[in-house]
Amino acid sequence: RPLTTTTTTPFTRIWCCFEESIAVEERDTNSLLLDVAATDLCHVAHVITDGLVGAETRVLPILGLLCKSRREQSFPMDLLQKGLSVDIATAQASKEEDKTRILNSVRCPRARTWALDTPFPTQHPRYDAVNRALASHFALTSIQQSYRNGQAQAPSSLWQALRSDAERKNIQVSLTGCHNFRDPDLRILIDNLPSKLQSL
């Protein structure tokens, strides 16, 4: 999903939020991936991916992870962290009926077609769950980027976003290239893992 340094429409447009929500809701099945692309002020493209891509998949895994780490190191961090505040209930839509149907499909995923056109509430636990899932996805990537870029410690807001995604069962994290990551940081990571996590 593309971003630019002046607009972050994937975080504010209802269809983009819907597609992102589907990806994070299916994260435990590994059937869908969520990649983020952005251009910086020099119009250079950067991509953060779920997993290895291209030539990275054709070398030893440790080398592929190193290549991925170097590729993603220059991603504009300020844009990535905007994902921490995604709120699908306030996302914009060109057609109001699109927003109504999308929020109802999130709120009642097994609803019949007629239910999609009913008025949607402005607040719902399912909205909150999707927001937390998206925030933790971007927080995890931001945490890795923080250490790869030489920060002494990742901001507390990132750890909080990761910890708050209570329904998350699986996490894939690579610390390849995170030279400043030390034992105390590992303890912080462990302390902030989601409570229902089953696989790391």
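Residues are numbered from 1 along each chain as its sequence is written, and side-chain values rest on heavy atoms, with hydrogens and water left out. Because the model is predicted, local features need pLDDT of at least 70 and side-chain atom pairs count only at pLDDT 80 or more, while totals for chains, interfaces and linings use all residues.

Several H4 residues are buried, including Asp-98, Ile-102, Leu-103 and Val-106; buried means under 20% relative accessible area, exposed means over 50%, and partly exposed is in between (1.4 Å probe, protein chains only). The buried residues of H4 pack against helix H1 (14-25) and H5.

Helix H5 covers residues 125-148, and Thr-141 sits in it. With 13% relative accessibility, Thr-141 counts as buried. Setting aside neighbours within four places in sequence, Thr-141 is in contact (heavy atoms within 4.5 Å) with Ile-48 and Leu-80.

What about aromatic rings? A pair of them is described by the distance of the centres and the angle of the planes. Rings of Phe, Tyr and Trp (its six-membered ring) pair if their centres lie within 6.5 Å; planes under 30 degrees apart count as stacked, over 60 as edge-to-face and the rest as tilted. By this rule the count comes to two aromatic pairs. Trp-15 and Phe-18 make an edge-to-face pair, 5.9 Å centre to centre with 80° between the planes. Both residues lie in helix H1, three residues apart, or about one turn of the helix. Trp-15 is partly exposed at a relative accessible area of 44%, and Phe-18, at 21%, also counts as partly exposed.

Then there are Tyr-147 and Phe-181, whose ring centres are 5.0 Å apart with planes at 80°, so this pair is edge-to-face. The pair links distant parts of the chain, 34 residues apart: Tyr-147 is in helix H5, and Phe-181 is in the loop between helix H6 (156-164) and helix H7 (183-191). Tyr-147 is buried at 1% relative accessibility, and Phe-181 is buried at 15%.

How values were computed:
Helix = DSSP H or I, 4+ residues; strand = E, 2+ residues; numbered from the N terminus.
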